[in-house]
Amino acid sequence: MVKIIALNWKLNPGTRKEALALARLSDERNVMLFVPSVFLRDVAGSVKRAALGVQNIFWETHGAFTGEISASMAKSAGAAWTLVGHSERRKYFGETDEEVAKKIRAGIRAGLKIVLCVGEPWSVRKKGIASARSFVKNQLEKDLSDIKNFKLKIKNLVVAYEPVWAIGTGKSDAPEESAVMALFIKEILNAKCQTPNAKVLYGGSVNSKNIADFLNLKGIDGVLIGGASVKREELKRTLRHVS
Ligand code: PGA
């Protein structure tokens, strides 16, 4: 089975030149590249195999919203995908589930494909898997509520399960536990959005050493990688695992 390797550059790299060099290294089939939107056009002009996306969109299409980027702007600059609800957006920019739902709606309406990020903080996980499940279920129900309310048709939904405590910490989730969570997420998606083909990725401290442990599990359709995606040597080792 083909697995997805999604690369989230976050606020990296510092220059267009470095961005193009990283993009060339990452240009493989079944790779998704989430680049800073200012580099999107240049990266789009240089990659042939990887799918391209932005890390964030705004929910309105036009207007007096200084500094924001709409879904259709991202699309016309070369994005096919957008991340929505990354935990860093939720944490540093106060993004709420209601806003995440509006962004998903805006993305679908503009024809972007969505990677929705969900995951529980440590304060929840330390109470056990059952609490983590109910946290993630609640997040999914709220984040996907506009799909039902506005009767949106969604063909390409990917959910990235990213436990917040695992992001950027070097402490990934146990692969088997994340696979169980991935199956749980698929059940919810199936019941809620009738998307039997929805894919679920795992994200949080994935690197060249542990990537195979996640990709080898049947329930996990791929990985979302942050830190390791912008370190050249580590990226090369990681991409040896492309399907
Ligand atoms: P990380 O980030 O790989 O650096 O933990 C993952 C992510 O934020 O998507």
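Is Asn30 buried, exposed or partly exposed? Asn30 counts as partly exposed, because its relative accessibility is 29%. The cut-offs are under 20% relative accessible area for buried and over 50% for exposed, with partly exposed in between (1.4 Å probe, protein chains only).

1. **Ground rules.** This is a predicted model, in which local features need pLDDT of at least 70 and side-chain atom pairs count only at pLDDT 80 or more, while totals for chains, interfaces and linings use all residues. Residues are numbered from 1 along each chain as its sequence is written, and side-chain values use heavy atoms, with hydrogens and water left out.

2. **Overall build.** The protein has eleven helices and eight strands. These are DSSP runs, numbered from the N terminus: helices are H or I with at least four residues, strands are E with at least two. The C-alpha trace spans about 45 × 45 × 30 Å along its principal axes.

3. **Packing and surface.** Buried residues make up 51% of the 243 residues. Of the contacts with a separation of 6 or more, 70% are between residues 24 or more positions apart. Contact means heavy atoms within 4.5 Å. The protein exposes about 11700 Å², and carbon and sulfur atoms supply 52% of it. Accessible areas come from the Shrake-Rupley method with a 1.4 Å probe; for residues, only the protein chains shown count as cover.

4. **Ligand site.** The ligand is surrounded by 13 residues, and the closest are Lys10, His86, Glu162, Gly168 and Ser205. By class, the shell has four nonpolar, seven polar and two charged residues. Ala, Val, Leu, Ile, Met, Phe, Trp, Tyr, Cys and Pro count as nonpolar, Asp, Glu, Lys and Arg as charged, and the others, Gly among them, as polar.

5. **Ligand oxygens.** A polar side-chain atom of His86 lies 2.6 Å from a ligand oxygen. Backbone atoms take part too: a backbone N or O atom of Gly226 is 2.8 Å from an oxygen of the ligand, and a polar backbone atom of Gly227 is 2.8 Å from a ligand oxygen. The protein covers 96% of the 280 Å² of accessible area that the ligand has on its own.

6. **Arg90.** This residue is in helix 4 (residues 87-92). Arg90 counts as buried because its relative accessibility is 16%. Its side chain makes a polar contact of 2.7 Å with that of Asp97. A polar contact is a pair of N or O atoms within 3.5 Å; within protein, one must be able to donate a hydrogen and the other to accept it, and residues adjacent in sequence count only if both atoms are side-chain atoms. Beyond four places in sequence, Arg90 also touches others, including Glu95, Leu116 and Asp143.

7. **Backbone points to check.** Most residues other than glycine have a negative phi, and most peptide bonds are trans. Lys10, in the loop between strand 1 and helix 1, has phi near 55°. Pro13 is in the loop between strand 1 (4-8) and helix 1 (16-26). The peptide bond from Asn12 to Pro13 is cis, with omega near -15°. Asn30 lies between helix 1 and strand 2 (31-35), with phi near 65°.

Methods. A residue is near a molecule or strand if one of its heavy atoms lies within 4 Å of it.
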